[in-house]
Structures are given as structure tokens and as C-alpha cells.
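Hi,

Here is the structure I said I would pass on.

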Amino acid sequence: MENLKEQIKMLVELQGIDTRIFKLDDDLAVIPETIKNKEAEFKAKDAGLKKLEDELKALQVKRKEKEGELAAKEGNIKKFQQQLNLVKTNKEYSALQEEIGRAKADNSIIEEDILKIFDEVDAENKRIAQEKEFLKSEEAKFAEEKKKLLGEEERIKAELQGIKAQRETLAAKIDKNILKKYDRIIKSKDGLAVVTIANEACQGCFRILPPQVTNEIKMNKDLVFCDNCARILYIEE
Ligand SMILES: [Zn+2]
């Protein structure tokens with residue numbers, strides 16, 4: 001083929017464009033995935049915070065219960081003390097005193113429990129405040145990051161549009177049969193259809209090629225393919 005050298009030059013250029021398109025497509029696919037993962041992470045953290053708040057509510061319910069219990073026992077103590085004035089015998093008197101003593105002992109245990117719950121509520125409040133503060137700053141950071149990612153997405157889309165138009169113009173100049181072969185190879189060979197030879201090795205599969213392959217390429221008679229990986233070979237000028 002007369003203009004084979006020119007055709008191969010265009011193929012090499014086309015390969016450069018296609019490599020860039022593959023890279024941009026990959027970069028573009030990663031962006032929504034990154035955003036989605038981060039948002040799922042925040043959802044999990046929000047659920048964690050909700051759990052802490054539920055724990056706090058449960059503690060407060062428990063505290064109210066204990067306070068109710070304490071008030072009831074104090075009522076009993078008062079009742080017993082009033083009865084003390086009415087009893088007639090020593091036996092009744094000491095029985096009542098014993099009741100009062102027991103109720104007071106019970107109450108000091110309940111009071112200790114209530115103090116413990118207050119401490120737990122304090123600790124829980126602190127933890128919730130810290131978690132909220134942390135989430136707030138993380139979310140602000142992410143909002144900034146998301147803005148950048150969406151900007152990057154727009155930039156990539158614009159570049160892709162330009163580079164695809166460039167590809168179309170170049171592809172229109174290439175011989176249809178050659179282009180068909182190129183397109184078939186690039187689809188089946190991970191986006192790499194045209195490779196050079198370096199240190200006698202195909203730069204697609206790195207197999208050492210016989211010297212006559214280089215000679216064949218230099219003859220510029222027909223496309224030369226790697227025997228091993230079937231990619232189109234060329235020699236850098
Ligand atoms: Zn090869």
C-alpha cells in the first residue's frame with residue numbers, strides 16, 4: 001500500500017486518542033461510585049448517632065422510674081412515722097421502726113442508682129455532642145469534596161466530547177479496511193491495538209519477535225501483526 005506509512009502514523013495517533021478516551025471513561029465511572037460510597041458511610045454514621053440518642057432516652061426513662069420508686073418509698077416512710085405516734089405497744093413500735101429502717105436503706109440504694117444514671121446520662125450527652133460535632137465537620141468536608149468531584153465530572157465530560165469529535169475526524173481519514181481491523185483488535189485487546197517494538201520485543205505482549213518482522217515493517221507493504229498477540233506493530237521513527 002502506497003500510503004501505508006501515513007496510515008500507520010494515523011493509527012498511532014488514533015491509539016493515543018483511544019487510550020485517552022478509555023482513561024477518561026474509567027475516571028468518569030469512578031466519580032458517582034465514590035459519591036455513593038461516601039453517602040452510604042454517612043448514613044451508617046447517622047444510624048450510629050441515632051442509636052446513642054435512643055440509649056440516652058432509655059436512661060432517662062430508667063431515671064424517672066427510679067425517682068418514682070424513691071418518692072413512693074418516701075411516702076411509705078412518712079406514713080410509718082405518723083403511725084409511730086399512734087402505736088400502743090413497744091412491740092408495734094419497734095416493728096414500725098424496723099420497717100422505717102428497711103425503707104430508708106432501700107432508698108439510699110435507689111438514690112445511689114439515680115446518681116449513677118445521672119453520670120451515665122452526662123457521659124452519653126458528651127458522646128453524642130462529640131459525635132455530632134465530628135459528623136458536622138466530616139459532612140462539611142464531604143460537601144466540599146463532592147463539589148470538586150462534580151466539577152471534575154463536568155470537566156471530563158467536556159474533554160470527552162472534544163476528543164471524540166477529534167477521533168471522528170481522524171478516523172474518517174483512515175482506510176476503512178485498516179480501521180475495521182484496528183477497531184476489532186482494540187475491542188479484544190484491552191484497548192491496545194497498535195504497539196511499537198523495543199529491544200526486539202512486542203510492546204503489547206512483550207514476546208521477542210524474529211528480526212524479519214522488523215524488516216517486514218520497514219518494507220511498508222502491508223500491516224504487520226504480532227504473531228503472539230495479533231496487535232498491529234510499528235517502528236518509532
Ligand atoms: Zn504481541
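Val-194 stands opposite Ile-232, which lies in strand S3. Before going further, a word on the ground rules: this is a predicted model, where local features need pLDDT of at least 70, side-chain atom pairs count only at pLDDT 80 or more, and totals for chains, interfaces and linings use all residues. Residues are numbered from 1 along each chain as its sequence is written, and side-chain values use heavy atoms, with hydrogens and water left out.

Back to the sheet. It is open and mixed, with three strands in the order S2-S1-S3. Strands here are DSSP runs of E with at least two residues, helices are runs of H or I with at least four, and both are numbered from the N terminus. Two strands pair if DSSP finds at least two bridges between them. The edges are S2 (201-202) and S3 (232-234), each pairing on one side only. S1 (residues 194-198) runs antiparallel to S2, with two bridges, while S1 and S3 are parallel and joined by three bridges. On the S2 side, Ala-198 faces Ala-201 and Ile-197 is opposite Cys-202. S1 and S2 make a hairpin with two residues between them, and Asn-199 in that turn has a positive phi of about 50 degrees. Four of the five residues of S1 are buried (buried is under 20% relative accessible area, exposed over 50%, partly exposed in between, with a 1.4 Å probe and protein chains only).

**The zinc site**

Cys-202 turns up again here: its SG coordinates the zinc ion, along with the SG atoms of Cys-205, Cys-226 and Cys-229, at 2.3 Å. Donors are N, O and S atoms within 2.8 Å of the metal (3.2 Å for Na, K and Ca); water is not among the atoms, so sites may look incomplete. What geometry does the site of the zinc ion have? It is tetrahedral, with angles of 104 to 116 degrees among the four donor atoms (four donors count as tetrahedral if all angles lie between 85 and 135 degrees). For reference, the ideal angle for four tetrahedral donors is 109.5 degrees. Along the sequence the donor residues follow the spacing C-x2-C-x20-C-x2-C. Cys-226 and Cys-229 are both buried.

**The largest pocket**

The largest pocket has a volume of about 280 Å³. A pocket is an open set of points on a 1 Å grid over the protein atoms alone, where a 1.4 Å probe fits, with protein on both sides within 12 Å along at least five of seven lines; lining residues have an atom within 4 Å of a point. The volume is the space filled by probe spheres set on the points, which are joined across faces, edges and corners. Among the lining residues are Lys-5, Glu-6, Ile-217, Lys-218 and Tyr-234. Helices H1 (4-84) and H4 each give two or more residues to this lining, and H1 has the largest share, five residues.

Leu-96 sits in helix H2 (residues 90-173) and is buried, with a relative accessible area of 10%. Its C-alpha is 9.6 Å from that of Ile-77, 19 residues away in sequence. Gln-212, in helix H4 (residues 211-219), is partly exposed at 46% relative accessible area.

Cheers

How values were computed:
Tetrahedral: all angles 85-135°; square planar, octahedral: opposite > 155°, others 65-115°.
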